Amino acid sequence: MSDIPTLSAGSHQRHGSNIGQPFTRRDGFLKVTGGARYAADNNPEGLLHAALAVASIARGRVTHLDVEAAKAHPGVVEVMVPGNRPALASDPDEKSNPFMFRLDLLQNDRVRYAGQPIAVVIAETFEAATEGARLLAPTYETERARTGLEGEPFAPEKVGVGNAARAQSGDVEAELAGSAKMLEAVYETPAQYHNAMEPHAVVAHWQGDRLVIDTPSQGLAMAVMRVAGLFGLAPDKILVRSPFLGGGFGSKGFLSSAQILGILAAKLVDRPVKLALTRPQMFGPVGHRAPTRQTLRIGLGQDGELNAIDHATLTASSTFDDFFEPASDISHTLYAAPAIRTSHEAVRVDTGTPLFMRAPGEATGSIALESAIDEAAEAAGLDPLEFRLKNYAEAEPISGLPFSSKALRECYEQGAARFGWAERPREPGTMRDENGLLVGWGMGTATFPALMFEAEARAVIRADGSGVMETGAHDMGQGAWTALAQIAADAIGLDLTRVTFNAGSSDLPNAGIAGGSGHTATAGMALHKAGEAVIAKLADLATEDEASPLFGAGNVGVIARDGRLVRRDDESRGEAYGEILKRAGLSNIEARGKAGGDNAAREHYAMHAHGAVFAEVKIDPDLCQIRTTRLVGAFAAGRIINPRLVESQLFGGMIWGVSFALHEEGIQDKRSGRIVNGDFAEYHVPVNADVPSLEAILVHEEDQLVNALGIKGVGEIGITGTGGAIANAIWHATGKRLRRFPIRPADLLG
């Protein structure tokens, strides 16, 4: 675990004084002072630099690369092409599990999408490698690119990660036919690209039969297993270091083609190699959110109750792999109706394979569903909040399972009160501000499943009264190193300054994946159980030792607090950890803990976080310029480990909701298949001026079933209500219902 920094923090107490406190980020000082080392900051001795050459067409084959011209450039050491690429131990197209994606590793001369790697130039400097890649001057045999959603649709067997492509409860057609009103609308969402601040990068160093990799990873253990399979290495011969990630949003959950190509390049030249993607290269080989066309049919009863929801999604995947955006699945969980049906179809297009992107399925589906629910509320003659409360689901609608906890009513109540929703006029287009701008208020419901994965952790208590807690956790900016350290310190009853917390390296216990808003619950529960296990071992030492004041307390039990064990029935009788260990002749005591896979309640309860987002927009009636001027979100997500970090995550999600509704779109040239706005100048994301007022309310919620710590997750839920709230606010300001996203000023002119 070399070169991984140890983080420290201020002094705190046991039993709730760590968990629940708004501590500042433990990694903040390193980041603002430049001490945080990201993957591309590593420069081992003898380092070479690699640059990708990527296809400028979307379909066809490479007919020529001017390798000699590239190798003649000063500083260029080697050019890796299909003919000289080192052999692999397994097929890069192998799909052994749903988290495995096919890779472009110079298998042949075929081009399957624009931006696909077609060669790697390796040089003494980055500049030489980049110029060498340009000098390759590829020529192609070009075939017509297949783009958009207009191809021949088919029904996939699974969507997302193993979800059924179709699901149904009740007789949808009968309920629609018997409804007093039936609405049908089509909503379209575009391709979106992750574009984390830190592009994908790798520094690969072969040390004999050992491989050391520095690369941003949301799943260290999975990265090790993928590399082990591809290169025929034992996992213990591979070290992946990823202490800091400059954002991931799902794209760094799995090693990309570029990262494996960097490892292959290092093997080819037998020197360490660094390969970092440019910003345009982030549009293609490292995943994206797929476009969708969603058709919603909603049946209403005479009094505004929902009779049926039919949610059908058409999406796209690549021609060579399967990932299908599960957008319709959002309709499983939010609103009560006697009949619900969700379905998915897909087309094959010449694009890089779509991938998980923050709130996959839920973000895409909720912007359509929340818009449709508002349309239904208007048809029923009800206020949007009144309509949602009228159709509130007391149990998960499609499964019938009770919720492990659900404080959505409280989210509605608190969010509406803070926003001032009661003052909202029913009629659209009736609000203006002092400058004559149109004002609109809209809302949306937020939800995301409370997921957990499998993880392990190691806890050590030392004779000097300090502790070590370790798990291979991932911090991509969400504050995991802080929140998990809080859990770790409480788990062993020590002041946080007395606990060394190690994370970010694959030689530590497997912390699972940082995704699905489940990392704090997953790694946190592993730390919690490791702490319980080491305290139990320490307690056994004390209660079985006649020289200890805790001797014989095994039946009544002991409590760990402030570096001491005390009797549960008499806290005046206790002993410091160090005294127990020294008398036993031990320098330390350790234990491991595991999380995930042992919660039987998950079979009997639906587990979700919930929220409500209220949005205000202002629109220039002449220029149709749209501004989101105010957002208030109220969220219930179980036990809050660190409210400061949670608020930051919710803000980030809500800002992404603004981006989804108004800004973000990857535009594909239908002739070439290339993304024409593959940079931050033209791929628009919000800036500070686009979100002048944000407020997140943390609604109290206890959940005794989701896990022992009561943690759900907040990384993605903020997106799921926000986009729909903004779309609904635009309708309220203008009376125009826009169903294609992102919404542009030009859309309001029609």
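Two strands pair if DSSP finds at least two bridges between them. Strands here are DSSP runs of E, at least two residues, and helices are runs of H or I, at least four, both numbered from the N terminus. This is a predicted model: local features need pLDDT of at least 70, side-chain atom pairs count only at pLDDT 80 or more, and totals for chains, interfaces and linings use all residues. Residues are numbered from 1 along each chain as its sequence is written, and side-chain values use heavy atoms, with hydrogens and water left out.

Sheet first. Three strands, ordered β22-β23-β24, form an open antiparallel sheet. Edges: β22 (558–561) and β24 (574–576) each have a single partner strand, so one side of each lacks a neighbour in the sheet. From one strand to the next, the twist averages 20°. Take β22 with β23 (residues 564–567): four bridges, antiparallel. In that pair, A560 sits opposite L565 of β23.

Now the helices. How do α5 and α6 cross? Helix α5 covers residues 220–231, helix α6 covers 257–269, and their axes come within 12 Å, crossing at roughly 45°. Axes are lines fitted to C-alpha atoms, for helices over the stretch in contact; angles run from 0 to 180 degrees between N-to-C directions. The two helices are therefore oblique; under 35 degrees is roughly parallel, over 145 roughly antiparallel, 65 to 115 roughly perpendicular, and the rest oblique. The crossing of α5 and α6 is right-handed, meaning the near helix is turned clockwise from the far one by less than a right angle.

Who makes the contact (heavy atoms within 4.5 Å)? V227, L230 and F231 from α5, with I260, I263, L264 and K267 from α6.

Technical notes
Contact = heavy atoms within 4.5 Å.
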